[in-house]
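Colleague: Could you take me through how a couple of helices sit against each other, and then look around a bit from there?

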Amino acid sequence: MPPHVTNAPATNANDPLERERTHLASSRAALRAMRADVEALDIKDVTANWVNAAVLQRQIDERITALADLAHAPLFFGRLDYLHAPGVERSEGAEGEQFYIGRRHVHDAVGDPMVIDWRAPVSQPFYRASKKEPMDVRMRRRFGYTGGDLTAYEDEDLTDTAAEAQASRLLQTEIERPRVGPMRDIVATIQPEQDEIVRAGIGGTVCVQGAPGTGKTAVGLHRVAYLLYAHRERLARTGTLVIGPNRSFLHYIEQVLPALGELNVAQATVDDLVAHVEVRGADGAAAARIKGDARMAEVLRRAVRAGVRMPVEPVVVVRGSRRWRVPAYEVEEIVRELLGRDIRYGAARDALPQRIAHAVLVRMEQAGEAPDDRVQDAVARNAAVKAAVKEIWPAVEPAKLVLRLLADAQFLAEHAAGLLSEEEQQEILWAKPARSVKAAKWSAADAVLIDEAMDLVARTQSLGHVVLDEAQDLSPMQYRAVGRRCTTGSATVLGDLAQGTTPWATASWPEALTHLGKPEAAVEELTQGFRVPRTVIAYASRLLPSIAPGLSEATSMRESPGDFSVREVAPDALDAAVVEACREALGREGSIGLIAADDRIPVLAEALEAAGLAHLAPGAETSAQSRLTLVPATLAKGLEYDYVVLDEPAAVVAGEPDGRTGLRRLYVALTRAVSGLTVVHAAPLPAELNQL
Ligand SMILES: Nc1ncnc2c1ncn2[C@@H]1O[C@H](COP(=O)(O)OP(=O)(O)OP(=O)(O)O)[C@@H](O)[C@H]1O
């Protein structure tokens with residue numbers, strides 16, 4: 001079907017903008033045709049049964065969704081004019097020297113590409129080429145859109161080395177665009193330093209340290225999209241997972257990958273990964289820190305294997321009229337050999353009856369019999385062998401084992417000897433020991449211990465790639481839990497040491513990566529900030545020497561210095577002043593976040609309601625109608641709002657168990673603003689904020 005142009009305005013064929021609009025219209029039509037082709041597929045004749053049909057239909061439905069023409073996401077955002085035609089294998093089969101770069105591949109009726117996927121090798125110079133290194137590109141064109149209409153373009157002649165490289169207006173406009181709704185993709189404006197991480201090979205793990213707003217989350221999500229493109233079959237088999245700090249954060253980012261056509265990426269929090277028991281309890285900071293310490297892995301390893309008993313009696317198997325006897329010392333040899341091997345407890349337990357049976361078979365052969373494999377299997381299933389295995393290598397139920405460690409001081413002392421001090425053991429023992437796995441008030445850290453024990457018994461299945469966001473907050477035991485989900489794959493670890501707000505927050509990336517099981521991973525740093533305006537980041541960075549000495553302040557890519565004010569009011573005027581600041585912010589474009597200490601939330605919710613200001617909870621989607629979100633400080637991480645009103649910094653600091661964590665929480669709250677920040681306070685500001 002030839003592409004047709006609808007509703008095209010009177011065209012002037014020589015006007016470059018008109019020509020580009022024509023290409024856009026034809027590409028849209030071609031995309032519609034691709035979708036229509038898939039919709040018209042009749043699967044009745046090709047599927048033998050309903051299971052196949054259901055699977056195929058699901059794939060087709062996904063393909064139809066992936067081919068949707070997203071009204072607000074332009075089909076292409078750039079064009080590259082090469083000096084020489086690159087090979088077709090680099091350009092999704094396209095020949096020629098000119099390529100339109102977009103969110104997905106679009107081809108015409110005869111299969112010739114009209115838009116090339118941003119992830120294709122031929123698209124790479126769009127992000128990386130410079131006058132210094134033009135990558136065989138003559139010209140890079142960026143397109144500007146208003147609504148869904150192509151309204152502008154901007155050219156960069158990469159061969160003209162005499163002219164100064166100019167900052168792109170379109171890029172700047174994109175960065176400064178007000179935020180409403182969930183996180184969006186950045187395919188049109190990925191920066192060279194970001195692109196290097198996005199396109200890093202699948203084989204290695206990458207760790208990214210970056211100040212607030214440097215695009216870590218964005219980069220992590222685009223990296224998944226890139227890897228899915230470059231290694232689609234492998235990852236379809238092994239799976240990909242994005243791990244974020246909490247539900248509201250996952251909700252905020254969940255539309256980025258679907259907008260890039262990727263619908264099959266799982267999302268979870270670390271707690272979701274280890275949800276083997278219902279978590280109804282909470283640990284104090286000291287206990288949580290010990291339970292999250294890597295030494296617990298060794299305590300568990302010892303405890304799991306502690307049940308293994310060396311045999312004291314021979315194993316005697318009766319078959320027909322004959323008795324076969326494997327002496328205790330020989331069974332012990334087998335057990336020692338299995339203990340010495342690097343295999344899971346459960347796998348060794350499965351192997352033991354076969355090994356004993358083998359010893360019986362050797363005796364049978366020595367006696368002149370000729371037993372085959374079936375005989376060995378039968379002997380392995382023999383009641384005497386089973387009984388011996390049960391005695392020597394008892395089955396371990398991971399939750400029960402952890403229960404015993406936390407409830408039985410003697411048992412803990414036995415396995416924690418030389419690892420945990422007596423005080424530490426005392427700290428993690430339950431004051432009121434639970435009787436059963438069901439009745440126990442498990443904490444989040446306990447669930448991680450159970451996960452570790454499960455992995456000691458049976459290997460956890462590994463995925464192809466895992467993205468771990470806000471990684472700085474994980475305990476060593478949580479890193480291990482994530483690490484065992486990518487033992488045979490790779491990971492992208494994203495975080496900011498200055499934003500660590502758990503008592504066990506990461507102090508060094510190499511150490512964290514060792515716990516993750518990827519000590520060889522490269523640590524990269526992102527420093528260009530895309531979110532926080534200059535004045536605001538400068539203010540927040542006053543905290544850096546106290547919360548993360550050695551980390552440098554982020555730069556701001558935003559041109560507008562940002563609105564920034566600090567208002568001091570009398571204590572009884574605080575709530576009203578906060579409401580007033582929200583009302584002012586609502587007078588501007590974009591989303592508004594009112595961030596406050598968690599225990600201030602009910603009071604502020606009431607004050608907003610009394611003033612007639614509707615508000616949302618974090619994670620709920622902001623829209624043009626409801627733009628104000630009331631955010632507890634502990635949920636602010638990773639989120640952003642055009643205007644932020646920050647209530648009472650001293651209360652945010654006081655909400656945390658220690659001063660440093662409090663200041664880090666404040667740093668997170670101060671760095672959520674895109675266009676402006678108003679701090680309203682009655683109590684004195686933390687001294688660290690007043691230091692210049
Ligand atoms: N290259 C880019 N072009 C346009 N916008 C960008 C770019 N990189 C990042 N951004 C935008 O900057 C904002 C901050 O990005 P992101 O949330 O990924 O940062 P972060 O480093 O994860 O921040 P935090 O440390 O606060 O979690 C987002 O709105 C993102 O879309």
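Colleague: Is the crossing of α13 and α14 left-handed or right-handed?

Modeller: The crossing of α13 and α14 is right-handed. For the hand, we ask how the near helix is turned from the far one: anticlockwise by less than a right angle is left-handed, clockwise is right-handed. Bear in mind that this is a predicted model, where local features need pLDDT of at least 70, side-chain atom pairs count only at pLDDT 80 or more, and totals for chains, interfaces and linings use all residues. Residue numbers start from 1 along each chain as its sequence is written.

Helix α13 covers residues 328-340 and α14 residues 345-366; they pack at an angle of about 145 degrees, with axes 10 Å apart. Helices (H or I, at least four residues) and strands (E, at least two) are DSSP runs, numbered from the N terminus. Axes are lines fitted to C-alpha atoms, for helices over the stretch in contact, and angles run from 0 to 180 degrees between N-to-C directions.

So who touches whom? From α13, Glu330, Val331, Ile334 and Leu338 meet Ala348, Ala351, Leu352, Arg355, Ile356 and Ala359 of α14; contact here puts C-beta atoms, placed from the backbone, within 7 Å. That contact has eight nonpolar residues, two charged and no polar ones. In this count Ala, Val, Leu, Ile, Met, Phe, Trp, Tyr, Cys and Pro are nonpolar, Asp, Glu, Lys and Arg charged, and the others, Gly among them, polar.

Now for some strands. All five residues of β18 (592-596) are buried, meaning 20 or more other C-beta atoms lie within 10 Å of a residue's own, these atoms being placed from the backbone (12 or fewer is exposed, in between partly exposed). In a regular strand the side chains alternate between the two faces of the sheet. On β18, Ile592, Leu594 and Ala596 cover one side and Gly593 and Ile595 the other, all of them buried.

As for neighbours, strands pair if DSSP finds at least two bridges between them. β18 runs parallel to β19 (628-632), joined by five bridges, and Gly593 has Thr629 as its bridge partner there. β18 also runs parallel to β20 (641-647), with four bridges, and Leu594 stands opposite Val645 in that strand. Finally, β18, helix α26 (601-610) and β19 form a right-handed β-α-β unit: with the strands pointing away from you, the path from the first strand over the helix to the second runs clockwise.

Terms used. Two residues are in contact if their C-beta atoms, placed from the backbone, lie within 7 Å.
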